[in-house]
Amino acid sequence: MERNLFLLTLVVGFITDGSGQDNVCTRPELNVNILLEGLQRYFSPGEELVLSCKPGYTPVSGPRKIICRVNGEWTKTKLLCIPKRCPYPESVLNGELYYTDTVYGSTINYTCDEGYTMNGADVSECLSNGMWSNPAPECKAVQCGLAPIPQFGKIIYNKHVGGNTASYGTQGTYQCLPPYVLFGDAKAECTSNGNWTKTPECRVVSCPPPENIERGYMSSDTKRTYDYMETIKYGCHGDHVIEGSQQIVCQKYGNWSERPSCKAPCSVGINRGRILYRGQKLWIKELTPNRILHNELVSVYCMNNERKCGYAVSTQCIDGKLNIPECFQEPILNTYNLYSSSLPSEINQC
């Protein structure tokens with residue numbers, strides 16, 4: 001009976017602390033970043049545990065060891081393990097970097113601007129030793145070969161180009177050797193994919209012999225073809241007025257620019273009366289010869305019967321046609337010769 005009671009006491013002891021000993025300390029629960037070496041689960045009173053920080057963390061405060069007390073509890077510690085910091089990254093020429101922090105485990109993402117390629121890793125991680133896993137990459141400008149030159153053409157670069165390569169963004173302007181004409185975009189550029197923009201062509205352009213204009217003449221009657229940008233001038237005979245550009249040009253698609261035309265003068269179709277022409281009042285017989293030029297203005301005088309006053313009404317010569325205003329009434333011969341002072345042009349003006 002006594003032997004059975006002793007065995008029951010041992011079992012109860014094992015159930016109470018699981019170690020077979022009174023007042024032992026179990027493996028402590030500490031901050032996740034504090035390192036405990038070994039796998040020991042139970043500690044006797046007086047045993048010490050030396051604390052350290054996991055890789056990538058730095059210890060602050062203290063103490064850095066704890067002791068198992070006789071009551072089965074560990075002494076207190078204020079040890080903190082804070083993440084190590086890596087140096088702040090430097091900016092990347094012709095690129096960008098993106099990060100939120102520089103502590104252990106943080107990452108930096110690098111990108112290069114358009115037209116630049118990356119030489120190095122595009123990601124770097126802050127390691128446990130406080131250093132970045134990769135140095136900052138280098139963003140190098142995309143390189144193009146020399147711009148292709150069209151036959152019978154040349155290119156002028158906007159900056160010095162050495163060797164057989166040109167850097168991204170280099171520009172040039174194409175020109176054709178006379179008498180060739182450029183077809184396509186004259187501007188060239190080294191693009192971000194390492195190629196030049198489309199190369200234009202240089203073609204021969206000629207225009208057929210120009211035609212004369214009615215009532216006019218040309219500066220040359222030679223029947224030949226004309227090269228691009230060659231010109232011909234026109235003039236008009238007599239009192240005809242040229243309308244449009246006096247000069248036509250052979251254009252890049254082998255056609256001439258628009259020809260001018262010669263517009264006819266006008267006769268003032270009244271026999272008796274006074275007119276206002278070029279700022280002067282003239283009796284119609286004083287207009288010698290009886291004509292005004294295309295686009296010129298002449299005024300005749302009309303009567304305001306209600307107010308008993310005269311007023312001038314203008315009309316314009318358009319290619320030989322001059323319309324006399326309906327309000328104009330040509331005086332009879334007797335009135336015109338004997339009572340001209342009563343005409344609308346001679347009385348008070350409205």
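Modeller: Let us begin with what a record says about the chain: for "domain: Sushi", an unreviewed UniProt entry lists residues 23-83, 84-141, 142-204 and 205-264. Please keep in mind throughout that we are looking at a predicted model. The domain assignment gives domain 1 (25-83), domain 2 (95-141), domain 3 (145-203), domain 4 (206-263) and domain 5 (265-349), and the centres of domain 1 and domain 2, taken over C-alpha atoms, are separated by 37 Å. Two of the spans listed in the record can be described briefly: residues 23-83 are 0% helix and 36% strand, with end C-alpha atoms 36 Å apart, while residues 142-204 are 0% helix and 44% strand, with end C-alpha atoms lying 36 Å apart.

Is Gly216 buried or exposed? With a relative accessible area of 8%, Gly216 is buried, because a residue under 20% counts as such. If we set aside the neighbours within four places in sequence, Gly216 is in contact with Gly235, Cys236, His237 and Cys262. One of these, Cys236, is 20 residues away from Gly216 in sequence, yet the two C-alpha atoms are 4.1 Å apart in space.

The strand belongs to an open sheet of three strands, whose order is 22-24-26 and whose pairing is antiparallel. Strand 22 and strand 26 (247-249) are the edge strands, each of them pairing on one side only. On average, and with direction ignored, neighbouring strands of this sheet are turned by 25 degrees against each other. Strand 24, which runs over residues 231-236, pairs with strand 26 in the antiparallel sense over three bridges, and within this pairing Lys233 has Gln247 of strand 26 as its bridge partner.

Now turn to the charged pairs. Side chains of opposite charge can pair when their charged atoms come close. The count for the model comes to 10 salt bridges, and one of them joins Glu211 and Arg259, with the closest N and O atoms 4.0 Å apart. Glu211 lies in the loop between strand 21 (206-207) and strand 22, and Arg259 in the loop between strand 26 and strand 27 (261-263), so this pair ties together parts that are 48 residues apart in sequence. Glu211 counts as exposed at 56% relative accessibility, whereas Arg259, at 38%, counts as partly exposed.

A second pair involves Arg215, which forms a salt bridge with Asp319, the closest N and O atoms being 3.6 Å apart. Here distant parts of the chain are linked, since Arg215 is in the loop between strand 21 and strand 22 and Asp319 is in the loop between strand 31 (309-316) and helix 2 (333-338), 104 residues apart. Arg215 is partly exposed at 32% relative accessibility, and Asp319 is also partly exposed, with a relative accessible area of 28%. Another salt bridge joins Glu201 and Arg203, whose closest N and O atoms are 3.4 Å apart; Glu201 is partly exposed at 44% relative accessibility, and Arg203 is partly exposed at 38%.

Strand 17, residues 171-176, pairs with strand 19 in the antiparallel sense over three bridges, and Thr173 stands opposite Lys187 of strand 19.

Some backbone details in the loops complete the walk. The peptide bond from Pro178 to Pro179 is cis, with omega near 5 degrees, and Pro179 is found in the loop between strand 17 and strand 18 (180-183). A cis peptide bond also joins Thr288 and Pro289, with omega about -10 degrees, and Pro289 is in the loop between strand 29 (280-283) and strand 30 (297-304). Asn295 lies in the loop between strand 29 and strand 30, and its phi is near 80 degrees, a positive value in a residue other than glycine.

Terms used
Residues numbered from 1 in each chain as written. Predicted model: local features only at pLDDT ≥ 70, side-chain atom pairs only at ≥ 80, totals over all residues. Heavy atoms only, no water. Domains from an automatic or database assignment. UniProt positions renumbered as here; feature names shortened; annotations may be inferred. Helix = DSSP H or I, 4+ residues; strand = E, 2+ residues; numbered from the N terminus. Buried < 20%, exposed > 50% of the residue type's maximum accessible area, 1.4 Å probe, protein only. Contact = heavy atoms within 4.5 Å. Pairing = 2+ DSSP bridges. Axes fitted to C-alpha atoms, helices over the stretch in contact; angles between N-to-C directions. Salt bridge = Lys/Arg side-chain N within 4 Å of Asp/Glu carboxyl O.
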